[in-house]
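Open the model in your viewer and follow the selections below in order. Each stop says what to select and what is there.

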Amino acid sequence: MADALARARSVSGGLRAYGLIVAMWVRSTMAYRASFLMTTAGNFAASVLDFVAIMIMFSHIDRLGGFTLPEIALLYGATSTSLGLADLALGNMDRVGRRVRDGTFDILLVRPAPVVAQVAADRFALRRLGRVSQGLLVLGWGVARADVAWTPAKALFTAVTVIAGAGIFAAVFIAGAAFQFWAADASEVQNSFTYGGSTMLQYPPAVFARELVRGATFVVPLAFVNWIPVLRMLGRDDPLGLPGWVDFCGPGVALAMLTAAGLLWRVGLRNYRSTGS
Amino acid sequence: MRLYAAVAVSGFRRYATYRVATAAGVFTNTVFGFVIAYTFVALWDERPHLGGYDQSQALTFVWVSQGLLAAAALLGGGFQEELQERIRTGDIAVDLYRPADLQLWWLAADLGRAAFHLLGRGAVPVAVGALAFELSLPADPLRWLAFLLSALLGVVVGFALRFLVALCAFWLLDGQGVNMISALMCMFFSGMLLPLTVFPGLFGEIARLLPWAAMLQVPVDVLLGTHSGTGLARALGFQVLWAALLLGAGRALQSLATRKVVVQGG
């Protein structure tokens, strides 16, 4: 009982620290307001251009991998929003490697706040709302245009999917940060799984080689971000022929991945040796 | 000249130091290469000869662009953040005191970086792509030579653009906004997302005339052999023209900036 209470207190303390650091960075961002507006617009536009490229593709074709443009918009909107949320919340965790290298990581260890909260809020970038809002817009367009009979249950399922997807990407960010305790310079590897993964998820699974789809389902289960749930919404079978109940496993997968990433982070933190500089 | 050669060599060696980062970058480029390659296979299955490429040429486009991504700094980066930071902190005053030209100094450093990135980050993704897919890489060594020249010109155009962007920090102090917009334009109009030949109608024609086309679209087309004879000369001339124009603009902006420079902090 006392143990649970202490844990709850440390979680709320962590969230409080996270909130304070985030607020500080937001204030500091607003010091260069022109830059903030440009970067937010840029963040939005970067994702827009990404989707424009897909629209240009569809000016030449009607279907890609068996999906029409509105159906692709469902895939795109879901993964883009999920990645955007995870990126907003803890996208700068890839700076751990730099901090380990230049020795500033030690400063985080002596501050009276959980290290993970400090690292997650480090240089918090409000401009990343740009990607989230673009993702939501595309998702909304897909919802309006795709051939799906919408019910309240399906709408709830979509919302849960987006949040679970954010959890899955968040776990990848945390695991990537933990990995940098061993390989400080390798921060780019995690881009393969976050941005690279999201680029892959924008397209239907039928486009990709079977081994790649299998890898994205069983090894790094990114398929639960949007592939499996969107196929369910559209009433289609997934290419691997998984049983129907798997379609609802997104939140469970997200929780399991977050737990595993959290454990990995702890192991990494425990093994951390300062560079001493 | 000896000075700038030394700067270029140190630029090369500086980036060669971070081996793990290089390996991580190669891994990421290769993963992206696979993802985009599969979507291009699906796209060219639906529409063979889209944009004037057959499927193996389209796949060559994917893998060569992943190979050139770091060298041509298509996603930004390279030197401009560093130069902006020097402008913001006032260290730029020291640079202006040096008996070397600011623009040439950074150009030399960036060429050194690009040379390393072409070798260290370019070769492996292209080799992996060639193993996994059927690419149409030329056997003619002259074509490769023309490609290297075109890629070099592409890097110079990219540098000239980013130098202009970096100098904006003299007025804005924080360069994040302009960096992002510049990276964005480059991402879209270099052909990295989709070859510019696939862009429709007038929009495509304009896109193919912009300086970003000189950074990726032209070098890849040279490698694919789309241009030959006078066409090749015209393609390289297009790159030289943009390089000269943009380097000239950079020079003008530099003299404007240094005339008004007020060093912060004192």
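Begin with the largest nonpolar core, which has 162 residues. Such a core is a set of buried Ala, Val, Leu, Ile, Met, Phe, Trp, Tyr and Cys residues joined through C-beta atoms within 7 Å. Buried here stands for 20 or more other C-beta atoms within 10 Å of a residue's own, exposed for 12 or fewer, and partly exposed for in between, with C-beta atoms placed from the backbone. Select A:Ile168, A:Ile174 and B:Val157, the residues with the most contacts inside this core.

This is a predicted model, in which local features need pLDDT of at least 70 and side-chain atom pairs count only at pLDDT 80 or more, while totals for chains, interfaces and linings use all residues. Residues are numbered from 1 along each chain as its sequence is written, and chains are lettered from A and ligands numbered from 1 in the order in which they are written.

Stay on B:Val157 and show its contacts (C-beta atoms, placed from the backbone, within 7 Å). Not counting residues up to four places away in sequence, B:Val157 touches B:Pro211, B:Ala214, B:Met215, B:Gln239, B:Trp242, B:Ala243 and B:Leu246.

Next, select helices α7 (residues 141-167) and α12 (residues 230-260) of chain B. Helices are DSSP runs (H or I, at least four residues), numbered from the N terminus. The axes of this pair are 9 Å apart, at an angle of about 25°. Axes are lines fitted to C-alpha atoms over the stretch in contact, and angles run from 0 to 180 degrees between N-to-C directions. α7(B) and α12(B) are therefore roughly parallel to each other (angles under 35 degrees). Their contact has 20 nonpolar, five polar and no charged residues. Ala, Val, Leu, Ile, Met, Phe, Trp, Tyr, Cys and Pro count as nonpolar, Asp, Glu, Lys and Arg as charged, and the others, Gly among them, as polar.

Within α7 of chain B, pick B:Phe163. Is B:Phe163 buried or exposed? B:Phe163 counts as buried, with 24 C-beta neighbours inside 10 Å. Its C-alpha atom is separated by 6.5 Å from that of B:Gly250, 87 residues apart along the chain.

Finally, turn to where the two chains meet: 32 residues from chain A and 32 residues from chain B make the contact. On the side of chain A that touches chain B, α2(A) gives the most, with 12 residues. By class, that side of chain A has 19 nonpolar, 10 polar and three charged residues.

Technical notes: Helices (H or I, at least four residues) and strands (E, at least two) are DSSP runs, numbered from the N terminus. Angles under 35 degrees count as roughly parallel, over 145 as roughly antiparallel, 65 to 115 as roughly perpendicular and the rest as oblique.
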